[in-house]
Amino acid sequence: MQLKRVVVTGLGALTPIGNNVEQYWNGLVNGVSGAAPITYFDAAKFKTRFACELKGFDPKEYMDRKEARKMDRFTQYAMVASDEAIADAKLNLDEINKLRVGVIWGAGIGGLETFQNEVINYAQGDGTPRFNPFFIPKMIADIAPGNISIKNGFMGPNYTTVSACASAANAMIDALNYIRLGHCDVVVTGGSEAAVTIAGMGGFNAMHALSTNNENPETASRPFDATRDGFVLGEGAGAIILEEYEHAKARGAKIYAEVVGGGLSSDAHHMTAPHPEGIGVIAVMKNCLENAGLKPEEVDHINTHGTSTPLGDVAELKAISEVFGDHAKNININSTKSMTGHLLGAAGAVEAIAAILAMEHGVVPPTINHTTVDENINPELNLTLNKAQKRDIKVAISNTFGFGGHNACVAFRKLD
């Protein structure tokens with residue numbers, strides 16, 4: 001069976017450094033940090049008192065107030081980003097065959113704030129179970145793609161992938177395969193997360209995963225730096241319209257890039273820590289290259305998982321050196337988490353968008369906040385430190401890894 005080609009025809013982004021794709025890209029190339037003191041709740045007693053929150057986001061600017069109240073923030077974010085992507089792709093909702101349009105969405109946690117608030121309200125009461133009737137439909141992780149399909153009438157495959165921080169990348173790979181195999185013409189894919197909450201911050205602090213650099217939050221996310229001390233929690237959404245190539249061509253769609261492959265693997269090592277030699281990461285990148293029919297020397301750019309954790313950054317860069325050999329030093333490597341923080345289940349989508357736009361504009365966004373060389377990192381690697389670099393990118397890959405050892409890698413190629 002001949003696999004169909006799959007292309008990107010629409011993008012949508014809601015991030016800590018920009019509330020649409022244009023703002024997001026400008027923030028990336030200019031090295032803007034999205035980290036700042038937490039405003040959603042009083043974090044004075046928390047080990048970490050900052051995060052990468054959205055700036056100036058008001059759901060009522062995008063949707064009816066009553067509708068917004070029925071949605072957790074992670075679903076609101078999904079709706080806003082997907083609306084932008086659908087508009088960007090110029091999909092004609094009156095003409096398209098909606099039976100062949102799917103929505104496959106990633107969320108690592110889902111409606112954490114809704115769950116937290118309902119439990120707090122019950123605990124503070126007299127034991128009488130008074131719960132919001134929208135508690136369950138606001139909280140469940142699969143409600144985001146459900147709402148996207150309901151709004152637009154899309155009747156193809158509809159579900160959520162959950163693989164912690166690899167969730168959105170898993171969603172993209174599933175979407176790629178549904179189109180490749182001829183089951184869909186179009187899939188709205190991506191991911192969203194809204195875990196900057198009391199429970200989210202408290203939980204990640206308890207496992208010592210977050211940076212505690214409260215004195216300088218804007219520089220706290222510092223991937224590959226010797227002084228890095230954990231990731232910075234972010235929030236938001238990324239949406240990508242994947243479309244069968246001939247379908248896109250027939251309607252005259254703008255094509256950003258071709259999605260040429262995806263790889264998956266598991267570390268099978270530890271609940272939260274990566275394998276120190278990066279064996280799962282080596283496997284996922286090799287799987288992706290094989291699936292895409294690419295040779296290692298064809299890759300120009302890698303948007304790394306690069307969370308700014310002591311173990312994770314070193315393991316990933318070791319894996320890159322292993323997979324790409326001498327060519328590794330010719331690749332522009334970066335971590336956009338230095339600016340956005342870690343968007344958990346949405347990370348794979350917003351970072352894939354960064355890689356696609358880097359290809360589109362011929363510019364690799366920087367890894368900001370780097371001041372101190374880590375002797376455990378190969379000095380020959382070009383980590384695109386502190387300043388964007390011009391680069392003609394024909395092939396880019398995006399790495400995303402999740403707690404539990406879930407690894408996903410997606411490859412994009414520039415169309416002539």
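The legends below describe close-up views of one predicted model.

Residues are numbered from 1 along each chain as its sequence is written.

**View 1. Ten strands form an open sheet.** The order is β5-β4-β6-β7-β1-β8-β14-β13-β9-β10, and the pairing is mixed. Strands here are DSSP runs (E, at least two residues), and helices are DSSP runs too (H or I, at least four residues); both are numbered from the N terminus. Two strands pair if DSSP finds at least two bridges between them. Which strands stand at the edges? They are β5 (158-161) and β10 (332-334). Each has a single partner strand, so one side of each is left without a neighbour in the sheet. The twist averages 25° from one strand to the next.

**View 2. Strand β1 pairs with β7 and with β8.** Strand β1 covers residues 6-14. Nine of its nine residues are buried (under 20% relative accessible area, with a 1.4 Å probe and protein chains only). So β1 is largely enclosed by the rest of the structure. Eight bridges pair β1 with β7 (residues 236-244) in the antiparallel sense. Look for valine 6 opposite glutamate 244 in β7. Strand β8 (residues 257-266) also runs antiparallel to β1, joined by two bridges. Here valine 8 stands opposite alanine 257.

**View 3. Strand β6 is covered on both faces.** Strand β6 spans residues 186-193, and eight of its eight residues are buried, so β6 is largely enclosed by the rest of the structure. One side carries Val186, Val188, Gly190 and Ser192. The other carries Val187, Thr189, Gly191 and Glu193. How many bridges pair β6 with β4? Six, in the parallel sense, with β4 at residues 101-106. Glycine 106 stands opposite glycine 191 in β6. Strands β6 and β7 run antiparallel and share eight bridges. Glycine 190 faces alanine 239 in β7 across this pairing.

**View 4. Strands β13 and β14 pair in the antiparallel sense.** Strand β13 holds residues 395-402 and β14 holds residues 406-413. Eight bridges link them. Isoleucine 397 has alanine 411 in β14 as its bridge partner.

**View 5. Helix α10 crosses helix α11.** Helix α10 is residues 279-292; helix α11 is residues 310-324. Their axes come within 8 Å and cross at roughly 45°. Axes are lines fitted to C-alpha atoms over the stretch in contact, and angles run from 0 to 180 degrees between N-to-C directions. That angle makes α10 oblique to α11. Angles under 35 degrees count as roughly parallel, over 145 as roughly antiparallel, 65 to 115 as roughly perpendicular and the rest as oblique. Val281, Ile282, Met285, Lys286 and Leu289 in α10 meet Glu316, Ala319, Ile320, Glu322, Val323 and Phe324 in α11. Contact means heavy atoms within 4.5 Å.

**View 6. Histidine 269 lies in the loop between β8 and α10.** Is histidine 269 buried or partly exposed? Histidine 269 is partly exposed, with a relative accessible area of 41%; the class runs between buried, under 20%, and exposed, over 50%. Not counting residues up to four places away in sequence, histidine 269 touches Pro274, His275 and Pro276. Glycine 280 is eleven residues from histidine 269 in sequence and 8.8 Å from it in space, C-alpha to C-alpha.

Methods:
This is a predicted model: local features need pLDDT of at least 70, side-chain atom pairs count only at pLDDT 80 or more; totals for chains, interfaces and linings use all residues. Side-chain values use heavy atoms; hydrogens and water are left out.
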